[in-house]
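Work through the following exercises with the model open beside the text.

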Amino acid sequence: MIDSKPVDVLKYTWKLPFVLGGLLLRLDKDLQSVQEVRLLVDNAVQAQRLLAAYPQERLDEICAAVAEICEENAELLAKMAVEETGFGVWQDKVLKNILGSRDTWEHAKDQRVVGILRSDSALGLIEVGVPVGVIAALIPSTNPTGTTMYKAILALKAGNAVVFSPHPGAKGCILETVKLIRAALSKVGAPEDAIQAIETLTPQATDALMKHRAVSLILATGGEAMVRAAYSSGNPAIGVGPGNGPAFIERSADIPKAVRQIIDSKTFDNGVICASEQSVVVESISAAAVEDEFTRQGCVFLSDDDSAKLARLLLRENGTMNPAVVGKSAPIIAKMAGITVADDTKVLLSRQTEVSGQNPYSREKLCPVLAFYEEPDWRSACEKCIALLYNEGAGHTMTIHSANQDVIREFALRKPVSRLLVNTAAALGGVGATTALPPAFTLGCGAAGGSATGDNIEARHLTNIRRVAWGQRELDDLRNRTPALHRVLRPAAQQPAEDYPVTAEQVAQITREVYARLAVL
């Protein structure tokens, strides 16, 4: 039976001003953030026009100053990032900040990406590097300061201005990084508004930035939803999809070295780099030796019960990975799951057979947790790695530890990745710290990962190439080199009578027949 007792409306009316006030405040913040974006982009357009007039040498002076101030503050910003986000290890973030500043600049400094890039007088071709314009740069909370440095240096190297959209969870350290970069610009007489960041952070602000007509390119580093939003914004975008790289330890590998490198990678900044290993695949013949080596080096293989406990922590009911475990150490994650391990445990491993979207161990885990798969031989291991990558992380990165060049070659030919790393720590090798790949915190995933490129993003990706081409041939030259066109294209007066086997009377007869058929229709 429905209770028809009247409601005392006056009892609740005192709350109405507060509810409406909160709504207006929310709307006001959204509108303010969008207006802020418009002003930032307008400022960036003006600053970029100045940069576009600079020669490469002047841009290099600016980049050198930015790299220097970022390197000088690498430790300060690393500590700020860990304190604000709760992710990772500040000592490791110092190394990431060095990679994003000094190492990025050392790699880029001798490159020419604007102005005359190539001139070939014999072919009549000139290639000119042209800045793309204003770049919208989305920054993640897992690597906030290093990514900001890296994107700023590459953009300035190519004569572009940047408007950063910080992750709300890392706003303070990102804004401090931007502040330092702007100070460096001012010191060398460059326009400070070439580097700016949104301060009033709302989803509407980021959306307005990505869709702004004056934005020429979006550099999206972050979660899958954000990257998809960048690609659907209507502006050109370079995005990074999720990683889920397996590490295959082939029977010929140096097992102690391979295990040490995997542990180094998975514990570096507590596993938040998307190129880091997410699973280990081994052959049956060496599985016991690999397990023993992981245990010897301070890792723990979980029981079935403990694996189930951790799985419930890793995967939320909505099917997404739990952000609470991101960048946490193995002992902390174990405690969160109700599992007892030693305080010096480095990595948690779970023996698995299934690969699916419902199995968190077969997906990206940005923390010191690894799945462990055993396969009868390298061919089966190859298929398992492919299954893991197509489950999540296609186009990104994987690792093989092996001394067998034939097996390495087979993996290179078959794996749907943009980076196959050999005998190195994936987190460090993928970003170019321990390999000859360009230093980068934006790792393209190619067509397999829905990305515009599979490269480690460099300054050259932030320019357009204008090509100047002199005429080399005339239309008659094209016709003369195609004999089949000679008779068809020659004027009638130049063609001999034998080229016309049909008489005028026959043409007239054909015409009358066509008209007659049309009349019937």
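**Exercise 1.** With which residue does Arg182 form a salt bridge, and how far apart are the closest N and O atoms?

Solution. The model is a predicted one, in which local features need pLDDT of at least 70 and side-chain atom pairs count only at pLDDT 80 or more, while totals for chains, interfaces and linings use all residues. Residues are numbered from 1 along each chain as its sequence is written, and side-chain values use heavy atoms, with hydrogens and water left out.

The partner of Arg182 is Asp193, and the closest N and O atoms are 3.2 Å apart, where a salt bridge is a side-chain nitrogen of Lys or Arg within 4 Å of a carboxyl oxygen of Asp or Glu. Since Arg182 lies in helix α6 (residues 171–187) and Asp193 in the loop between α6 and β5 (195–197), the pair ties together parts that are 11 residues apart in sequence. Helices (H or I, at least four residues) and strands (E, at least two) are DSSP runs, numbered from the N terminus. Arg182 counts as partly exposed at 22% relative accessibility, and Asp193, at 26%, is partly exposed too; buried means under 20% relative accessible area, exposed over 50%, and partly exposed in between (1.4 Å probe, protein chains only).

**Exercise 2.** Locate the salt bridge between Arg467 and Glu127, and place it in its network.

Solution. The two side chains meet at 3.6 Å, N to O. Arg467 belongs to strand β15 (residues 463–469) and Glu127 to strand β2 (residues 125–131), so the pair ties together parts that are 340 residues apart in sequence. Arg467 is exposed, its relative accessible area being 55%. Both residues belong to a network of salt bridges that also links Arg118 and Asp120.

**Exercise 3.** Is Thr104 buried or exposed, and which residues are in contact with Thr104 when neighbours within four places in sequence are left aside?

Solution. Thr104 lies in helix α4 (residues 90–108). Its relative accessibility is 3%, so Thr104 counts as buried. With those neighbours left aside, Thr104 is in contact (heavy atoms within 4.5 Å) with Leu99, Tyr150, Ile153, Leu154 and Pro439.

**Exercise 4.** Identify the residues through which helices α9 and α10 meet.

Solution. Helix α9 spans residues 255–267 and helix α10 residues 284–296. From α9 come Ile255, Pro256, Val259, Ile262 and Ile263, which meet Ser286, Ala289, Val290, Glu293 and Phe294 in α10.

Methods
Axes fitted to C-alpha atoms, helices over the stretch in contact; angles between N-to-C directions.
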